[in-house]
Amino acid sequence: MNQKLTNYLNGVFTPYDGVKSVTELKADLHSDLQERFLELKAEGKDDETAFKMTIESIGDIEQTILEVANLSRSLERQVVTNFSASNLSKSDFAGVTAHKGKFTSSALRGSDFTNADLTGSSFASSDVRDARFDGANLTDCKLSTLDLSNASFNKSILVGTNFSKSGMDGAKFTGVKLTDVNLTMTDLRKTVFENCIFDGVDFTNTDLSGQCLDGQTFIGVKFDKAALNEVSFKGATLKNASFQGSLLSKKYYRAIKTVCFDGAMMDKLTYAALKGIEADLSKVTVI
């Protein structure tokens with residue numbers, strides 16, 4: 001074996017000692033280079049020429065090592081967190097990163113998830129009353145079929161988040177843009193929404209009775225078969241919103257007549273859909 005090659009590799013790989021994937025790369029490369037060196041020697045090359053040609057054959061090895069090391073470290077940081085079926089009431093998770101974390105069937109009442117990155121995590125069937133998710137990244141999180149009473153979502157990141165069938169009395173959403181969020185089959189009569197934008201949100205079969213949604217923005221939102229008795233959309237903006245009830249029941253259409261759209265702005269399609277089911281649009285602005 002050529003010691004010069006071994007020394008060369010040791011020098012190149014020293015900054016990455018301890019990174020498992022880099023160590024494996026080093027072992028494989030060491031074997032390949034020694035084999036290449038012996039082939040060049042067998043062709044009649046002297047040691048110096050064979051060494052030089054062997055090194056040149058691997059190209060920019062330092063860049064390759066750096067990329068492998070960065071990928072390895074990134075993957076090592078993405079530890080799957082499993083706190084399922086745990087008693088974690090009033091726990092401090094503020095600022096943590098827990099992608100695809102598992103918090104199912106757990107006691108998490110009063111826990112603090114402020115500014116945490118919980119992308120892809122699941123909280124199904126847990127007690128999350130009084131929890132704080134202010135500023136938390138809840139992209140693709142599953143918060144369905146659980147108790148979120150009095151939970152706080154101030155400026156949270158909600159993209160593809162699933163809240164269906166959850167208890168949300170007193171839960172508060174402030175300054176939030178809800179994008180492609182699932183709020184189906186949920187009782188939202190006592191949930192608070194302030195300064196929110198609803199983009200692609202699904203409220204199908206949800207109880208919004210008595211909700212005050214004044215001044216907020218709704219884009220591509222589904223209110224199909226939702227309970228809308230006495231809901232207020234004063235000064236709200238509605239674009240491409242869907243209001244469809246059951247053909248077998250007049251209950252939905254009676255509820256629409258109690259909805260207040262005074263001062264609301266809506267596109268022509270939304271206006272036409274609501275006009276067709278006899279909503280009071282006398283004080284609406286069409287945009």
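Of the 287 residues in the protein chain, 42% are buried in this predicted model. The chain has an accessible surface of about 14,500 Å². Carbon and sulfur atoms contribute 50% of that surface. The fold contains 6 helices and 10 strands. Among contacts with a separation of 6 or more, 16% join residues 24 or more positions apart.

Backbone angles were examined next. Most residues other than glycine have a negative phi. Lys 165 is not a glycine, yet its phi is positive, at about 60°. This lysine sits in the loop between β2 and β3. Strand β2 covers residues 158-159, and β3 covers 172-174. Lys 165 is partly exposed, with a relative accessible area of 49%.

Lys 225 also has a positive phi of about 60°, and it is not a glycine either. The loop that holds Lys 225 runs between β7 and β8. Here β7 spans residues 217-219, and β8 spans 237-239. Lys 225 has a relative accessibility of 48%, so it counts as partly exposed.

The cysteines were then considered. The search of the whole structure finds 0 disulfides. A disulfide requires two cysteine sulfur atoms within 2.5 Å. For Cys 260, the closest cysteine sulfur belongs to Cys 212. The two sulfurs are 9.4 Å apart, which is too far for a bond. Cys 141 has a relative accessibility of 2%. This residue therefore counts as buried, because the cut-off for that class is under 20%.

Methods:
Residues numbered from 1 in each chain as written. Predicted model: local features only at pLDDT ≥ 70, side-chain atom pairs only at ≥ 80, totals over all residues. Heavy atoms only, no water. Helix = DSSP H or I, 4+ residues; strand = E, 2+ residues; numbered from the N terminus. Buried < 20%, exposed > 50% of the residue type's maximum accessible area, 1.4 Å probe, protein only. Contact = heavy atoms within 4.5 Å. Areas by Shrake-Rupley, 256 points an atom, 1.4 Å probe, with all protein chains shown as cover.
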